Amino acid sequence: MIKLLKDLCTLDGVPGYEKEVREYIAQAARPYANEIFTDALGSLFVFKSGQRTPTRPIMLCAHMDEVGFLVKSITEDGMLKIVASGGIDPRVLIGRKMQVGKSKIPGIISLKAIHLTTIEERKKAPELKTLYIDIGATDKESAEKLVRVGDYAVFDSEFASFGQNCIKGKALDDRIGCAVLLKLLECELAYDCWFVFTTGEEIGARGAMSSIHRLNPGCIGVVDSTTASDVPDNPAHLRSTAMREGAVISLIDSGAVYDHTLRQRITDAADRECVKWQYRTRIEGATDASAYVYGTGAKMFGLSTPVRYIHCANSVAYLPDIAAVQKIAALFIEEAGGMNA
Amino acid sequence: MLEIFNLQKELVKNASTSGYEGKIGRAIADLAKPFCDEMRIDALGNLICHIKGKGKRIMCAAHMDAIGFMARYIDENGFIYVNPLGGHYAYELINTRVCFEKVSGIFRLCKASENAGKTGKEITFNDIYIDIGARTKEGAEKLVSIGDTAIFEGETVMLGKNRIMTPYADDLSGCAMLLRAMQLCNSSPNDLYFVFTVQEELGCRGAKTAAFGIEPDIAIAVDVCPAGDCPSENDRHNDIALGGGPTIKIMDSSVFSSVGLNKLLKSVATAMNIKTQWEILTGGGTDTSEMLLTRDGVPATCISIPTRNLHMPVEIIDIRDVENGAQLLAATLRSKF
Amino acid sequence: MLNIFELQKELVCAALPSGLESRQATIIKNYAAHYCDEFYTDALGNLICHIKGPGKKIMFAAHMDVIGFMATFIDERGYIRFVPVGGHTPAYLIGATVRFENGICGCIQPDEKAKPGSTVLTDIMLQNLYIDIGAESYEDACSMVSVGMYATFATEPKMVADGNMMTPYADNLTSCAVLLSAMSEMVYPVNDVWCVFSVQEELGCRGAKVAANAIRPYMGIAIDLTRTGDTPSETDNLRMTVKLGGGPAIKIKDSSLICDKPVVEHLRACAVRSGIEYQDEVLLAGGTDASAMQRSREGTLSGAVSIPGRSIHSPGEIINISDAENAARLIAAAAKTEI
């Protein structure tokens with residue numbers, strides 16, 4: 001699992017540029033797939049038959065894209081001005097190493113030296129529009145030899161195991177979900193299932209919309225990563241989820257309300273099998289589940305890995321949490337199939 | 001036996017605003033009749049119940065008036081503006097249901113005031129109005145006249161096994177405690193006056209005249225006090241908890257209770273194995289102060305019921321605190337001074 | 001015609017918020033079964049009733065979900081934190097009584113950070129409110145309420161002045177009552193009528209969208225509440241002419257859609273022919289299931305009939321009973337008149 005996570009998290013895939021990720025996943029999935037194809041929006045569809053066929057299709061999805069940037073313009077002195085693709089807090093960017101474009105040109109985001117800033121400037125968080133990537137180019141012309149407007153940029157961050165069963169890296173959201181789906185593909189399934197690796201989730205569940213429209217599933221399980229906010233100074237009732245507390249099961253968020261009966265069946269099954277899980281207790285945020293209105297009605301199930309410092313260069317997750325997500329994803333196929341049989 | 005929950009329910013049905021205590025007075029008189037030797041209503045409307053005895057003359061008081069509202073202006077579309085009777089924060093009333101004698105209504109905040117970016121305390125009784133569903137002034141006037149009073153419309157419900165959520169725990173649950181105490185001390189060596197006072201919420205006016213007339217040796221008020229065991233009170237440094245027992249008042253902003261009397265109450269409580277809590281408030285006031293200052297001075301104190309969300313229609317109390325308060329009061333009244 | 005007030009009372013007791021509408025659906029189904037040829041519940045929970053007719057498909061949608069709350073956290077003393085389901089103004093919730101799906105009651109209060117006295121009311125945050133169920137400890141609270149449980153306003157419907165009803169969830173249980181009442185009058189309609197009691201409208205018109213995807217109607221008409229402009233000191237940016245007791249409103253526009261002209265004209269013609277006084281509605285903020293139907297599949301002609309209501313989303317919404325009854329007559333006429 002670690003190897004798979006490391007491979008996936010090292011790949012780049014800002015919304016719209018998920019090719020590297022898709023090619024890796026397609027190759028890994030092919031041996032287990034009965035059917036595999038990519039749609040016009042770039043989502044990868046993998047069908048695997050199970051012991052039984054449900055009346056309406058079952059779909060499990062995870063998104064391939066990660067938050068990142070696009071180069072907006074290049075200044076006269078060769079600096080890259082950027083726009084965010086997905087939700088990124090500018091405060092986490094300062095001092096970061098970046099990689100630009102397919103050839104992974106190294107760069108840095110930073111600020112002028114502390115000696116030259118006023119106290120007032122230091123009190124305020126910089127806005128994204130004031131930040132730039134320095135790729136060490138002398139001027140615009142030499143920068144343009146390496147980079148063009150529209151190229152993507154991502155965090156340059158090493159994937160690593162650390163602490164007690166923890167991993168850190170970029171793009172844990174949602175390569176963990178992709179890894180979970182790939183691992184599940186290797187297993188014997190109780191029911192036929194569509195595994196969909198979606199695109200453009202970070203900019204509004206766009207790949208999921210066309211996927212759901214195409215398959216019109218009766219049950220959809222979304223495997224994503226979510227904000228673990230068990231960090232100092234955040235009162236317990238505002239934590240949403242906590243790392244090490246197991247797989248996260250969604251109740252409701254700003255994109256969807258998850259099916260009550262399906263959730264109950266799965267949590268009951270998880271309890272029977274002693275799989276650790278927790279509810280996501282905040283309503284903010286949405287996942288691919290928000291695309292469920294593009295069919296004629298589906299029962300939704302939301303499953304996530306709690307990830308600290310999500311949408312940052314170094315996100316942190318706990319391996320046993322991921323294992324729990326893996327187990328509950330398998331339970332989803334059984335229970336969704338049971339309801340749809 | 002008088003059961004506190006049912007008693008509170010019955011009293012809430014008859015809740016009356018300060019100055020208009022006739023209805024609640026009659027309801028309490030009916031309930032109190034079996035437990036006292038005689039009763040009378042004084043000029044202000046105080047209901048005075050007497051259990052005769054030869055010892056000390058002791059006056060107990062719980063106020064039977066409730067905070068409420070009085071219609072002061074009906075606009076051309078039938079919306080009613082009111083004056084508060086008693087301590088209300090206008091902002092706490094938004095979406096609160098009230099009832100006039102003939103019709104129910106609900107407080108609303110004027111759109112303009114809503115958009116003005118006011119803080120809670122900047123919202124006044126000119127910013128809120130009662131909507132009774134009328135479409136015209138004439139429609140409203142058929143049901144409500146200027147000067148009519150309204151009270152909270154809310155039910156008394158059990159929360160869990162021991163607690164109730166109710167309007168007017170302040171101080172109908174105090175009245176309930178007093179009624180229960182009367183029942184518990186049908187004979188006493190002391191000369192007991194149980195007074196259900198009027199107009200406490202407008203400045204303890206009833207207790208003043210009642211105490212003057214009775215001229216007690218000792219006085220004990222029964223009222224409510226704010227509980228501090230909920231998140232809304234997290235920063236108030238108040239340890240009083242629901243279910244922790246009735247409180248014995250040491251002081252509030254209007255009174256410093258009799259030290260000797262408090263000592264006595266505490267020793268009775270200890271003897272009876274009743275938990276109590278000490279009450280020290282930085283604000284507030286009760287009938288205690290008026291009784292204490294009667295004529296040439298009367299040793300006085302107050303037994304209170306810890307209450308959450310005071311002066312809202314969802315006050316929450318623990319009925320064990322009321323029952324234990326009644327037990328403590330009755331035992332104290334029966335003791336020799 | 002069904003008795004709107006009695007039906008409202010029955011529905012308010014049962015109703016649960018968006019995502020768990022099965023209790024109100026059961027009550028509605030028991031009535032609807034008498035008035036339609038067939039019905040089914042889809043995967044999302046929409047109750048779809050079909051009254052067969054030879055003509056084009058017309059879909060009516062009244063959402064049956066209500067706004068409410070969901071418990072998300074129980075603290076060490078037994079107080080409950082919650083998230084909203086649907087649109088609430090946090091400051092106005094202070095003091096509201098709520099009832100959990102299992103009947104446990106409580107009230108909403110502000111914690112020490114909410115500071116309603118010194119905070120601009122509209123800045124008060126829901127995360128600083130909690131529900132007090134009178135629990136004596138964490139364990140006591142857990143024995144009464146669990147995380148994930150829904151709660152609704154606990155107040156009951158009541159008749160007030162001038163034939164008006166004060167109730168929680170006129171939005172939109174009254175519209176459900178209206179649609180049921182209309183269905184009872186729709187025998188052998190010329191159009192092929194689909195009456196949908198939709199789910200999850202308060203979260204973004206999700207139920208009506210998938211129902212319309214499945215039904216593929218030619219025309220879609222939502223039944224919902226609209227604001228009124230007859231309360232004190234309306235601010236200029238929200239002025240509107242709709243008033244309580246002026247009859248059902250035929251929607252022309254709200255922030256979610258511009259109603260299709262054929263629908264507006266169909267409704268107006270039906271109102272005139274049936275002698276129903278109606279009002280023109282241009283609503284500046286707010287949306288309904290009509291927008292979801294309009295943008296389903298390759299598009300549906302859409303509009304809405306609205307019941308004027310004061311203080312929508314409060315526990316004491318006020319609507320006029322004859323407005324509701326006339327809305328039902330108008331809907332029945334719209335179903336029976338060829339489109």
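Modeller: Let's start with one pairing: Gly169(A) has Ser315(A) in S17(A) as its bridge partner. Keep in mind that this is a predicted model, where local features need pLDDT of at least 70, side-chain atom pairs count only at pLDDT 80 or more, and totals for chains, interfaces and linings use all residues. Residues are numbered from 1 along each chain as its sequence is written, while chains are lettered from A and ligands numbered from 1 in the order in which they are written.

Strand S11 of chain A, residues 166-169, is joined to S17(A) by 4 bridges, and the two run antiparallel. (Strands are DSSP runs of E, at least two residues, helices are runs of H or I, at least four, and both are numbered from the N terminus; strands pair if DSSP finds at least two bridges between them.) Zooming out, the open sheet has 3 strands in the order S10-S11-S17 of chain A, with antiparallel pairing. Its edges are S10 (160-162) and S17 (315-318) of chain A, each pairing on one side only. From one strand to the next, the twist averages 30°.

Across S11 and S17 of chain A lies helix H8 (residues 319-340) of chain A, at about 65° to S17(A). Angles run from 0 to 180 degrees between N-to-C directions, with axes fitted to C-alpha atoms, for helices over the stretch in contact; contact itself means C-beta atoms, placed from the backbone, within 7 Å.

Now the domains, with bounds from an automatic or database assignment. Chain A splits into domain 1 (2-66 + 170-340) and domain 2 (68-155). Their centres, taken over C-alpha atoms, sit 31 Å apart, and 11 residues of domain 1 of chain A contact 11 of domain 2 of chain A. On the domain 1 side there are 6 nonpolar, 1 polar and 4 charged residues. (Ala, Val, Leu, Ile, Met, Phe, Trp, Tyr, Cys and Pro count as nonpolar, Asp, Glu, Lys and Arg as charged, and the others, Gly among them, as polar.)

Chain A also meets chain C, with 18 residues of chain A in contact with 25 of chain C. The largest share of the chain C side, 5 residues, comes from H6(C). That side divides into 12 nonpolar, 8 polar and 5 charged residues.

Terms used:
Contact = placed C-beta atoms within 7 Å.
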